[in-house]
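Please open the model in the viewer and keep the selection panel at hand. The stops below may be followed in order.

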Amino acid sequence: MPTWKLTILPCLLLAFTTTMAQPFGGHPASVKWKQVQTPSARIVYQDGWDSTAQRLAGLTEALQPTTSATIGAKIRPITILLQPATTVSNGYVALAPWRSEWYMTPPSNAFTLGSLSWGDQLALHEFRHVQQYSNFNRGGSKVFGILLGEQGQAFANALTIPDWFFEGDAVWQETAESWQGRGRLPGFFNGYRSLWEADRNYSFHKLRNGSLKDYVPDHYQLGFQLVAYGRDKYGPGFWKEITAEAAAMKGLFYPFQRSLKKHTGSSYRDFVEKALQDSREKLAGTEAKTESGRQDVVDQESPVYTEKGDLLYIKSTYKQIPRFILKQGDGGEKSIRICDLMLEPYFNYSNGKILYASYRPDERWGWRDYSELQVLDVNSGEQETITRKTKYFSPAFSTTGDSIVTVDINEKGQYALHILDHKGGLLKVIPNPDNLYFMHPLFDGNRIVAVARNPMGYMSLVEWNGDAGKFELLLPWAQHVIGFPVAQGDSIYFSASWKGSDRLMLLDRKTGNIQFRKIGKGGSKTGTYRATINNGQLTISHFTAFGYRLETFSIEKESWLQANGFHQLADKAYGYKELDSSVALSIPPTSGYMPKPYKSTSNFFNFHSWQPYYEEPEFSISLLGQNLMNNFRSALSYTYNRNEGSSTIGYEALFGGWIPWIKAGAQYSFNRKSIYQQKTIHWNEMELNGGVAIPLNFSKGRSLTYLDLGSSVVLNKPYFSEPEKESLGDRSYVYLDNSIRFSHSLQKARQNIFPRFAQTVNLNYRNAIKNYSSRQFLANGSFYFPGLFTNHSFVVNLAFQQRDSASGIRFSNDFPFSRGYDAENLWRMSRIGVNYHLPIAYPDWGFGNILYLLRLRANLYYDHSLALDPQLLKTSEAMVFRSTGLELYFDTKWWNQLPVSFGVRYARLLDEDLFGMAGSNRWQIVLPINLIPNR
């Protein structure tokens, strides 16, 4: 059987059970941790987060009895780690091993996730995933868990329960158990509203799997609508029954769809169509009819007028990464510079300078990253970093450009406004005794206006007057999302969630009067954000089915209506009966749980899963271990070699809490065999290894850059039986294995097959230091360049390998020989490969909820290898091995959620294959590996 058929299933298993990327060894081992524990959860945290940990412990404990009736009463206690040093706002629950990690920096734009206290938001959403997994360990899924451990349950749950349910149900919980949540945010429904307004009637396959050519809302938005419809129509316990039967694999094939039909009498397709139609009636209202023809997705965000009346904004497409654009009076666009990596497409402008915050990871510790301030000269395109290793967000210049106001968030969860000079030096920290969370501050003369959120999650506009020395409310505290203020005289324009839409609002500071821009008959109900004003003209960024688009209109000609009752409670959740009658949880107690120290070495080995693997001629099974701090990984393994009939037991371990990482391992093989002097000999073999590795992340600016250094020492000792023991003597050896891996790449747009410019280089040198003088050096690299068109890539592969010619040990052969040939470990080999990758089609086509084809692409290639080995090739001249051919790749999703790329290769051999089969035409299945690390 071809090798690809034997290895694809383990690849699918690994892909299904991989959650979001979790940095290994992300904290120094010296970091001190504490814990508070309840029957449902253990909250692990660092100094300064005691009150937050107490509140979250109380909240998770209150959620279980309140919400378990709709998903199941089982609860498996979980460890929740609070991560305070990353600037990313996120969280996840993982099954292998069982834990959750919450990224504690709040989002700098409340329209995306709402204004709830960030810890509360995480608790409401992520704890629902804890409840889900706790109750989905049943029936067939439980069998998978018994056979494969936690990874087995993860695999089974991913196969049987769609990801839209996991996230839609969690969004439902955050909405039902609070006065906000995404189910009450107008911006959460921008995607589907925009599709309906543009009359984009996509198939369910496309809505499930997305597209590389069209904008498609994600599975969170789809999932909430389906979950909401099911609960609204069939009752609160509806999904509990569906998921219980699906997780148990009742019906085996399509258990989720079978159970849904059983309980509704409708097919899966009919249920989805009815749910989306119901949602459309609730959400769309009188729909605007925008252009419905085919358009490319183009985002134009964060517009700002210059002194000359030109328009600055950030532009990105599915073909191009974000860049700063200057649109001049004649309508022409000038690209100023590609943006650095950003967490939010937001910037400020003054006197020919752009000011924004860029993302930068720590060089060594994966759970620590920064938000640094950049100043970009619009005329010259030159950029300067003015702060380093800071956590600054939403910066803004003063009118004269000599001062900067920015939001600072420290690692203890304390928020402040910092005043900096134009070079980034700290001038003043504005007192914030109430620990308000600020967003989008701006200078208004000598005053500072900012969006503020209080610890209860209510939002307002506040003003800092240095003379008064305190913040004053410009609006009453409200349960509405607010953002992007811009001051014009006595008026402040801002965006706010109001009466079902993210609208443009107008505040008169003298009278306190609040108005909102009227949405006319047939007008779009999708959101408008980030107003900018020039000579009576107001430009906003408006959400459409084809991306954020700029709209300009006259302020005086617009209709403005009174926003009566703006201080009242948040909007109801669009007519869903259960949500409209729900009551938010009361505030849980903020103390009472006894804090204790938590050692990062706790449950150090923590074996959690069995992983089988089969690649001809070997079968292996490994017991995987990982501690909850994710700084120690280990694996016990057993391998059977069918060719030899030998067995190997082994153990590998890696500790990442220091600089460098420490790794060690041991293997013992029984009954190895080989042919020696025309007879079969048998022996046992021991191999020990130990080494260090230093992974470094130098990513910054517009590129991703990694450098990994590693060195290991390996001892191999065979144990022969008589008579070979006496005749062969001591055949043990020790060798060093040294490696350097480097990669650098620009950001990649959605449709780009590869980055427009990138390099990867791998160097490896192995040499024996006992009993033998064997050595081998390998260098290979790939270099990526733009092709003739935007999404085309020209890739050059280079490789060189040389080993010693003496009789002795032979190191494994990792040389990438010309495609199509079988290759031996020859003395000296070199290769150049030339590739031209291009997209062919974007079918957006699916079959049976199993396979979905996003893209078909091709690679035309030519390989040229030279090999020299007088002993094996019987010549002192280098021999040529050339091939050319075509590779067709299919970028797909399996079971509506698992991305898999595979290909078919036709290779035409231009020279004789000395070590393989006869013939010049070869067909192969290709499972490609992305050479650009994705960390």
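Select Gln 46 to begin; Gln 46 sits in the loop that runs between β2 (41-45) and α2 (50-67). Helices (H or I, at least four residues) and strands (E, at least two) are DSSP runs, numbered from the N terminus. The model is predicted: local features need pLDDT of at least 70, side-chain atom pairs count only at pLDDT 80 or more, and totals for chains, interfaces and linings use all residues. Residues are numbered from 1 along each chain as its sequence is written, and side-chain values use heavy atoms, with hydrogens and water left out.

Is Gln 46 buried or exposed? Gln 46 is buried, with a relative accessible area of 14%; buried means under 20% relative accessible area, exposed over 50%, and partly exposed in between (1.4 Å probe, protein chains only). Next, display the residues that Gln 46 touches: His 27, Val 31, Lys 32, Trp 33 and Pro 84, leaving aside residues up to four places away in sequence. Contact here means heavy atoms within 4.5 Å.

Move on to helix α4 (residues 118-135), which has 18 residues. From first C-alpha to last, α4 reaches 26 Å, close to the 26 Å expected at 1.5 Å a residue; the expected span is 1.5 Å times one less than the number of residues. A surface view shows α4 mostly covered, with 18 of its 18 residues buried.

Two cis peptide bonds come next. One runs from Ala 96 to Pro 97, with omega near -5°, and Pro 97 lies in the loop between β4 (89-95) and β5 (98-104). Another joins Ile 659 and Pro 660, with omega about 5°; Pro 660 belongs to the loop between β34 (646-655) and β35 (661-676).

Phi of Arg 530 is near 55°, a positive value in a residue other than glycine, and Arg 530 counts as buried at 11% relative accessibility. Asn 849, in the loop between β43 (845-847) and β44 (851-868), also has a positive phi, near 55°. At 17% relative accessibility, Asn 849 counts as buried.

Finish at Tyr 614, in strand β31 (residues 607-615). Tyr 614 is partly exposed, with a relative accessible area of 30%.
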